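Colleague: I would be grateful for a close look at a single part of this model. Please set it in the context of the whole chain.

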Amino acid sequence: MVEFSLTKRQMALRDKARKFAIEEMIPVAEVGDREPDPAKSFNWELIRKADKLGLRTLSVPKEFGGGGADVLTLSMVGENLAYGDLGIAVAFDQTWKIMTMISHLTTARQRKKWLPRVMDDPECLLAAAATEPLSGSDSILPYNKADGGVRMTARKKGDKWILNGEKRYISNGGLANVIYVMARTDMRKPPLKSMTGFLLTSDTPGYSVTEIWDKLGQRNVANGTMIFDNVEIPQADVMGTPNGALGELGALLTRFGSNIQAGATVLGVAQRAYDVTLQYAKQRVQGGKPIFEHQIQAQRLARMRMLLESARYYLWYSGWTAGQGEPDAVAASLCKVNAAENSVKVLMEAFELWAATGYMKKNPIEKLLRDGLSFVHSDGTNDVLLLKASNLLGEIKRGDPRYSRRVELAAKGR
Ligand SMILES: Cc1cc2nc3c(=O)[nH]c(=O)nc-3n(C[C@H](O)[C@H](O)[C@H](O)COP(=O)(O)OP(=O)(O)OC[C@H]3O[C@@H](n4cnc5c(N)ncnc54)[C@H](O)[C@@H]3O)c2cc1C
């Protein structure tokens, strides 16, 4: 039986997010977008306001006071926040997905330490750091030889680990005060057998953020370079299975919702482009009538609608499978690729219809287009996610996801 109806809670959260996007985010998003210094663009007031509505901690389990939302619900909320601004939506979405991962991969003692920390500070955001100057896609499509992949090292010293290295482009870098980072415990072994995940706070000695990257879009969120200079992390803050972090990153992308939620946020941008374009097409007169009444332009809007809705249903299906604890790992990758591709197509159709007016900063399309392009690469390049999915084709059966099984086994070991 196929079910498309949303629960009352999902509808209420979706509407709350859309209202927040329209009333709180859209009026200020342009200010941050135009701020020339990327280290100054972030709007903390929005985080505090959203926190009061329970949006910041939506994925924290209910037993710890959070919203306990699943991947499907988070996707819907993320799409509607991104309707207001993609950068700000990403600040929330990163926090949600890493929180989901922490909730699943930590021990009971670790949850008692980390979850209240996130709950109690209304400005607490999270970041996940994998990408480095010499290692990007190698963590998404695991390159499994010792000479490649993540170069950050973790050396054991007594009951502590000493981390050294550099991460770059990290969303919420410079904003987050709880960070999940992956490092190699043995450079002689391939990344699949030598990467471990660690949790730390941003005030840990030796940790610093040295650059906030200036970027084309998503200008309302920071992407930082993180430096780890002899950072000491206690054994108690190792997260997940020692040397199993690369598999767990795969689980973050699939079972813990990262790719699905990423696809949903970029779709929010495209949805807004569609809405403002439909309005513009009805009001702009050329050739003696509103351009919407010229068949080719009406057809353009129908195409945009088709691209949006087909992307959304694929995301919902993938989110639903993740919520069942049996993610369809192929769909989880492909639904992000599809959402990013469809969104860019929708944005280009909007750009075409708005013509010169869409090129001007005074109007919304220019920013939406810049924002939307970010997810062609963020959360794994579309090319690499297609490769990852193609590697799984024929190898994987529904309910038998390669990445999540590794996580299940790790969980059973405790
Ligand atoms: C806005 C934004 C936010 C981000 N946030 C984060 C974050 O929070 N945390 C984080 O860790 N990272 C983050 N990233 C980094 C992102 O995950 C990487 O950019 C991405 O994984 C690709 O790595 P790269 O840019 O180094 O490209 P590369 O890996 O150098 O890829 C270059 C080109 O080669 C292709 N390619 C790579 N490997 C293969 C292969 N095996 N076969 C065929 N083609 C291949 C790619 O598709 C691409 O076209 C973010 C990036 C952006 C743009």
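Predicted model: local features only at pLDDT ≥ 70, side-chain atom pairs only at ≥ 80, totals over all residues.

What percentage of the contacts in the protein with a separation of 6 or more comes from residues 24 or more positions apart?

Modeller: Residues are numbered from 1 along each chain as its sequence is written, and side-chain values use heavy atoms, without hydrogens and water.

Residues 24 or more positions apart supply 76% of those contacts (heavy atoms within 4.5 Å). The protein has 13 helices and 10 strands (DSSP runs of H or I, at least four residues, and of E, at least two, numbered from the N terminus).

There are 8 aromatic pairs (ring centres of Phe, Tyr or Trp, its six-membered ring, within 6.5 Å; stacked under 30 degrees, edge-to-face over 60, otherwise tilted). Trp 161 counts as buried because its relative accessibility is 13% (buried is under 20% relative accessible area, exposed over 50%, partly exposed in between; 1.4 Å probe, protein chains only). Phe 198, at 0%, is also buried.

Strand β3 also holds Tyr 169. The ring centres of Tyr 169 and Trp 213 lie 4.9 Å apart with planes at 75°, so this pair too is edge-to-face. Trp 213 sits in the loop between β6 (207–212) and β7 (223–234), so the pair links parts 44 residues apart in sequence. Tyr 169 is partly exposed at 41%, as is Trp 213 at 24%.
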